[in-house]
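The following note sets out points for discussion on the structure shown below.

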Amino acid sequence: MPEILITGASSGIGLALAKRYVDAGYKVHACGRNKDKLQAMLPESEQVRHVCFDLNDKAAIFEVAKDLPDLDGIILNAGGCEYIDDAKQFDSALFERVISVNLISVGYCLDAWLSKLTCASFLVFVSSSASFLALPRAEAYGASKAGLTYLAKALDVDLAGSGIQVSVVHPGFVDTPLTRRNDFPMPCQITSAQAAERIFKGVEKKQFDIHFPRRFTYLLKFFGWLPHITWRHLAAKWIKR
Ligand SMILES: NC(=O)c1ccc[n+]([C@@H]2O[C@H](COP(=O)([O-])OP(=O)(O)OC[C@H]3O[C@@H](n4cnc5c(N)ncnc54)[C@H](OP(=O)(O)O)[C@@H]3O)[C@@H](O)[C@H]2O)c1
């Protein structure tokens, strides 16, 4: 049976992905922080093994590697979002929290687990379409995801020919506990099951940039291609704070 590890498998997109890969016949090493939550959302079985740790704990991530078999895929999906509400009172503790969980921890995971990938496997990073352009209040989240996308691109270059297929996922708005906290309009929102299907199919097709829903992500990509000064003008006009 092929085996895959998914971080953030206790909720939202990661949970939907874990279910999709179980349906496809994979054994899933499902990661989360809380054993009871994981058990409630995705009970352990012949095809599901729970792996509990906090991504900020580098030693725990290396400990996890000791019990991992060779893997056919790793999906680094876990992450968090917090907004900078007042740029003039820049909250460096918030900035550190977001960059740590969304970017620094990914470095720990690569260090600890990359050697577990077989020579015909996939490595997937869940970034965000927020990385395409500068969005208000997203100084921390957007920077973490832009960094993650760059990391994926550089690794894709360095791992070319290794047999490891790298993909980076840029979702638009997906209905999950993370987005249910947002207090602004979220156009073109899709369900986590729809997002998981798009990611599953994109990985199957060996796509590098998996982005969806396209009617939304192409628009963001277009604005991202504009000169920053033009985008700044449009953003100030259109996006109400
Ligand atoms: N939803 C969207 O619209 C959207 C759009 C673009 C990108 N994304 C990205 O998609 C990914 C998944 O987001 P989601 O919407 O599915 O969020 P979610 O429902 O809040 O799930 C987040 C997952 O990450 C795990 N996690 C968070 N902090 C962790 C930590 N310190 N250590 C270990 N695990 C941790 C959570 O585990 P616990 O259960 O233990 O908290 C949970 O399983 C994130 O990287 C997010 O940035 C989401």
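**Notes on the model**

1. H170 is part of strand β6, which spans residues 164–171. The model is a predicted one, and the remarks below should be read accordingly.

2. The relative accessible area of H170 is 3%. H170 is therefore classed as buried, because the cut-off for that class is under 20% relative accessible area.

3. Which residues does H170 contact, leaving aside its neighbours within four places in sequence? The contacts include S127, S128, S129 and S131, together with F132 and T149. H170 is also in contact with D209, I210, H211 and F212, and with T217.

4. A140 belongs to helix α5, which covers residues 139–158. With a relative accessible area of 0%, A140 is buried. Not counting residues up to four places away in sequence, A140 touches E82, I84, L94, F95, V98 and I99. The C-alpha atoms of A140 and Y83 are separated by 6.9 Å, although the two residues are 57 residues apart along the chain.

5. G142 is likewise found in helix α5. Is G142 buried or exposed? Its relative accessibility is 10%, so G142 counts as buried. G142 and T191 are 49 residues apart in sequence, and their C-alpha atoms are 22 Å apart in space.

6. S11 places a polar side-chain atom 2.6 Å from an oxygen atom of the ligand. For R33, a polar side-chain atom lies 2.7 Å from a ligand oxygen atom. In K37, a polar side-chain atom is 2.6 Å from an oxygen atom of the ligand. Taken alone, the ligand exposes 890 Å², and the protein buries 92% of that.

Key. Residues are numbered from 1 along each chain as its sequence is written. This is a predicted model: local features need pLDDT of at least 70, side-chain atom pairs count only at pLDDT 80 or more; totals for chains, interfaces and linings use all residues. Side-chain values use heavy atoms; hydrogens and water are left out. Helices (H or I, at least four residues) and strands (E, at least two) are DSSP runs, numbered from the N terminus. Buried means under 20% relative accessible area, exposed over 50%, partly exposed in between (1.4 Å probe, protein chains only). Contact means heavy atoms within 4.5 Å. A polar contact is a pair of N or O atoms within 3.5 Å; within protein, one must be able to donate a hydrogen and the other to accept it, and residues adjacent in sequence count only if both atoms are side-chain atoms. Accessible areas come from the Shrake-Rupley method with a 1.4 Å probe; for residues, only the protein chains shown count as cover.
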